[in-house]
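Here is a short report to read alongside the model. Keep the 3D view open as you go.

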Amino acid sequence: MKKIKKQSVRGLLEKWQKDFSVFVPSKASGSSQMAVWDGQDLAFLDRNRNTVVPPKANFLPNIEKMFGFRKEEDGYVLEPADEDAPRQLIFGIHPCDARAIAIIDMVFRDAYEDKYYLSRRQNTVLVGMACAAPYDNCFCTSLGFGPADATDVDIMLTDIGDSFVIEEITDRGKEAVAGAKDVVEATPADEKKAGEVKASARAMLSKEIDTDEIAKRLPAAFDDKSFWEEIAAKCVSCGICTFLCPTCYCFDINDEMLKDGSGARYRNWDCCSFAVYTRMPAENPREEKWRRVRQKVYHKYSFYPELFGIIGCTGCGRCIRQCPVNWDITETLNNLPAGSAARTEEKQKPS
Amino acid sequence: MTIADISHRKRYLAEGNAYLPHIAVIEKIINETPTVKTFHFNFKDEKLRKEFTFESGQFGEYSILGVGEATFCVSSSPTRMDHLECAVARVGKVTNALHRLGVGAEIGFRGPFGNSFPLDYMAGKDLVFVAGGIGLAPLRSLIWNVLDNRAKYGKVDIIYGARTPRDLCFKYDLEAWEKDSSVNMTTTVDREAPDWTGNVGFVPAVTEKVAPSAKNAVAIVCGPPIMIRFTFPVLEKLGFTPAQMITTLEKRMKCGIGKCGRCNIGEIYVCRDGPVFSYEEIKSFSSDEV
């Protein structure tokens, strides 16, 4: 392992700025998100908290131009967006958010490659920060990893007070650190301290779900309409639990046009909490709110494992922290009905 | 039989970005009903025009640049590649804008996406096509596909209905199939209407009356959800097993390639795993949001 003194991090960030757009956790307008480092502010070095807006926005921006178009005499001409994304380095991503990116990679790699997303993904270095102070509503340890898991980052940093211990996880990470000034070998004492920081963060996590028990109960709970109606009763369908979810990736596609006939096609985050999301001229499979709440839970805990072999949730706790009506997904998951087969009889005939 | 099989899927033709539409030109417009028009179109790019292939049942994302995209099947047959066709009911922003376009206007097309009707499974069997309203559009692609390879299939029954005589789509096809001695064509409307001398009654009831044999047969059903819902039990009564019944599902879609999220029925994504499913598969879905 290596280390760098906090006072020298500015130099490291400046080195990275030569090769990358450097994104750091930034506070803005009462929220926080990964934003381009201004070259000055280093307050984020001591904050070590998850941003409100998850770093998925660095790969799937909330609004993204897919292509432009203009009308010429002999018809429309498309102006494809630059397919090669600029190189970016995201500094201070927590293990849960890095895991979330690895999770949504599966969707964007599946069958048809999503050039926009994958181009950003391929041109990104993830500099992780071991989580030292999880929130009360975090439950990452229940999802098979933990606040210091380095599986999904290129470089892992651990805050040991006056320094960061550096673990180079991937070749890409090694390359990014190579030749950096002020990066020195960590001492055994540093490594021990890093270990203690990681362990103490893990010990702070008290919220738990039992994914085995949940997997057992989900099939029968699906048809328990009254259970879902009760859960959904207080939901206001605001969508915040999806917009701020680091693994929610659904999007809409929309066109904008100017008077001269030129314009662009955009995609923007969309949300299964909205009835219009699935509404068709004649029917809507999820017009009822309880179906939409159920969709949110099942997409993460049932459909995603079915399709990709992994739960589509990282336990980051954002959906709990930001919910205006205090819905707690872990309460729902921990209280799934044990199930009776009789309910399946109510299943509708297919259309 | 698993129709929702990846081997059944045709890959997007163009390399690279599946979100970029191909520009196509409208060559002809047919007024099918007061609310439905069929558009004949061809790609502007000569090379694409020659190389483009699709299979009956597949769909595309059609766009009017600046207005947006909407999802329709290709309603023409891959056996007739002189041009492509799509039939569009005027219901929303994009379809209204499409209805205002004239011959020569340019549209965007992404596709073909999704799986297709299982021609191999249907070969050598008697075929029963049951359609209602604009639901004939995807079946029409398949029917012409079958009729253009007539020797490969057994008897062909077509049962088609609409609310009123004016709501019957593809009247020129209905006439052609009436005349075709290898086709047993039944057309019906929901209620008595002036100058209508044909069958009267809902599609499921008329299907029961026509009573096609289930022996070595496949039924392909497409129409409004309510029609499909009532037709499956009739076919079951006639002896069709769920594996012998095929339909194509409709869901709101945006991307067409399994990313944008909204067309799921549980873990099934209609754009990626469908839109063609057997009733057996539908019955096995874990979700009731069909």
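## Two packed helices

At what angle do helix 6 and helix 7 of chain B pack, and how far apart are their axes? The model is predicted. In it, helix 6 (residues 203-210) and helix 7 (residues 225-237) of chain B pack at an angle of about 20 degrees. Their axes are 8 Å apart. Angles under 35 degrees count as roughly parallel. Helix 6 and helix 7 of chain B are therefore roughly parallel to each other. Their crossing is right-handed.

Which residues make the contact? Helix 6 of chain B brings B:Val203, B:Pro204, B:Thr207 and B:Glu208. Helix 7 of chain B brings B:Met227, B:Phe230, B:Thr231 and B:Val234. By class, these residues divide into 5 nonpolar, 2 polar and 1 charged.

## The sheet of chain B

Chain B has an open sheet of 6 strands, in the order 4-3-6-1-2-5. The pairing is antiparallel. Why is one side of strand 4 and of strand 5 left without a neighbour? Strand 4 and strand 5 (84-89) of chain B stand at the edges, and each has a single partner strand, so one side of each has no neighbour in the sheet. From one strand to the next, the twist averages 40 degrees.

Now look at one pair inside the order. Strand 3 (residues 59-64) and strand 6 (residues 106-113) of chain B pair in the antiparallel sense over 4 bridges. B:Ser63 stands opposite B:Gly108 in strand 6 of chain B. Helix 2 (residues 93-100) of chain B packs on the sheet. This helix touches strand 2 (36-43), strand 3, strand 4 and strand 5 of chain B. The direction of helix 2 makes about 85 degrees with that of strand 4 of chain B.

## Where the chains meet

In the contact between chains, 39 residues of chain B touch 43 residues of chain A. On the chain B side, strand 4 (68-73) and helix 7 are the elements that give two or more residues. Helix 7 of chain B gives the most, with 3 residues. The chain B side has 16 nonpolar, 10 polar and 13 charged residues.

## The domains of chain A

The domain assignment of chain A gives domain 1 (2-204) and domain 2 (211-342). Their C-alpha centres lie 26 Å apart. The contact takes 31 residues from domain 1 of chain A and 27 residues from domain 2 of chain A.

Which element gives the most to the domain 1 side? Strand 4 of chain A does, with 9 residues. By class, the domain 1 side has 19 nonpolar, 5 polar and 7 charged residues.

Key:
Residues numbered from 1 in each chain as written. Chains lettered and ligands numbered in written order. Predicted model: local features only at pLDDT ≥ 70, side-chain atom pairs only at ≥ 80, totals over all residues. Axes fitted to C-alpha atoms, helices over the stretch in contact; angles between N-to-C directions. Parallel < 35°, antiparallel > 145°, perpendicular 65-115°, else oblique. Left-handed = near helix turned anticlockwise from the far one by under 90°. Contact = placed C-beta atoms within 7 Å. Nonpolar A, V, L, I, M, F, W, Y, C, P; charged D, E, K, R; others polar. Domains from an automatic or database assignment. Pairing = 2+ DSSP bridges.
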